[in-house]
Amino acid sequence: MIYTNKQNLPEALCNALKWDDYDPGHGDYSPSSLGKPPYMAHLEKTHKEQLKSDVSDNVWLLLGKAAHKIVEIGSEGIDNNFSEERIYVEFESWIISMQFDNLFLDQKNGILDDYKVTSIYKFKPDYKGTLPEAPDWDAQLNIGAYILRKKWLTYDEKSKTLVPGEGSIELNKLRILGICKDHKQTMARTSKEYPNHPICTREFSIWDDTKVEEYIREKAVAHDISKEQKIEDVVPCTKEEMWATDDKIALMKKGRKSAVKLFPSRKTLEKYIANYEIEMGPKKHYEEFRPGERKRCVGYCDVGKNGLCPIYNKFLEDQK
């Protein structure tokens, strides 16, 4: 990565923002690399020497690393608690690895935790009480649980450590502990759905071995195939992988900033207007087109942000 410093930040802060001590170990894949779209991974490898970013874009990475390091320090001296250990499992022709954040053992039960400095969004249920989907978190935790079940869940009382061997401990809880950078106390006081605290917990159900193995196999095969292909032959990212939203038409009201209602098409808007006898015009109600977004491409994909993704470049051209 080539870094710029557009704000002329002090060198010490720049170094901190660029610092990355992540060690992927010797495995073929990790939960995060398996979850990355093969098209995105292929482009990152192809253009790795062309990727640019400003150091200020790494602020959330800096806060995340700081939080992990402090929590690791906080776990020292706690009996039956293990932190930041990398674990491996051989599965078919691949070695899968994961560095778990925290594992707490209580007799024969285990709790696997992962810490995220993240948005409140994934912890905020809708009016029906349903949380947003988080398939990446779900898979990450379950791959870690799978590796622990297969290789490392034997606890040696004498050395007080986890040792390789057939599992003697049952993992019965998988959790994400979110340190929410955008939590607002005013929202917590006025909305019953909004989380009360900036640190939120979210539990995930435990997959059986078959489901984990199917996931690993599907993702690893897709990545293996893409590595041998030309970019034009690699399967493009799906809408879900691009975190894409569809075009919407907003019904607006003069003097109001937010939409009265959003519609997927003009036909549904017109039906709503007719049913409720809404008067349209610049001094009453009016419509506003809101183009869809590809949130991962614009903010979380280095090749997309650098204009090096053919698919995203075409999308932007079509939007003009």
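Predicted model: local features only at pLDDT ≥ 70, side-chain atom pairs only at ≥ 80, totals over all residues.
How many cavities of 30 Å³ or more does the count come to? I get one. For the search I used a 1 Å grid over the protein atoms alone, where a cavity is a set of points that a 1.4 Å probe fits but cannot get out of, and lining residues have an atom within 4 Å of a point.

Residues are numbered from 1 along each chain as its sequence is written, and side-chain values use heavy atoms, with hydrogens and water left out.

**Entry: the cavity**

I looked up the volume of the largest cavity and got about 120 Å³, taken as the space filled by probe spheres set on the points, with grid points joined across faces, edges and corners. Its lining has 16 residues, and those nearest the centre are Cys237, Met242, Cys297, Cys301 and Cys309. I sorted the lining into 13 nonpolar, one polar and two charged. My classes: Ala, Val, Leu, Ile, Met, Phe, Trp, Tyr, Cys and Pro are nonpolar, Asp, Glu, Lys and Arg are charged, and the others, Gly among them, are polar.

Which helix gives the most to this lining? It is α3, with three residues. At least two residues each come from α3, α9, α10 and α11. Helices here are DSSP runs of H or I with at least four residues, strands are runs of E with at least two, and numbering starts at the N terminus.

**Entry: helix α3**

I then checked α3 itself, residues 38-46, and found Pro38, Tyr39, Met40, His42, Leu43 and Glu44 buried (under 20% relative accessible area with a 1.4 Å probe, protein chains only). Their cover includes α7 (209-227), α9 (295-299), α10 (302-305) and α11 (310-319).

I counted zero disulfides, asking for a pair of cysteine sulfur atoms within 2.5 Å. Cysteine 180 is in none, and its nearest cysteine sulfur, on cysteine 200, sits 3.9 Å away. Cysteine 200 is likewise in no disulfide, with the sulfur of cysteine 180 as its nearest at 3.9 Å. Buried or exposed? Cysteine 180 is buried at 6% relative accessible area, and cysteine 200 is buried at 7%.

I placed cysteine 180 in strand β8, residues 170-180. Leaving aside neighbours within four places in sequence, it is in contact (heavy atoms within 4.5 Å) with Thr118, Ser119, Ile120, Phe123, Pro198 and Cys200. I also noted valine 117, 63 residues from cysteine 180 in sequence but 5.9 Å away, C-alpha to C-alpha.

Note on methods. Buried < 20%, exposed > 50% of the residue type's maximum accessible area, 1.4 Å probe, protein only. 1 Å grid on protein atoms, 1.4 Å probe; cavity = no way out; pocket = protein on both sides within 12 Å on 5 of 7 lines; lining within 4 Å.
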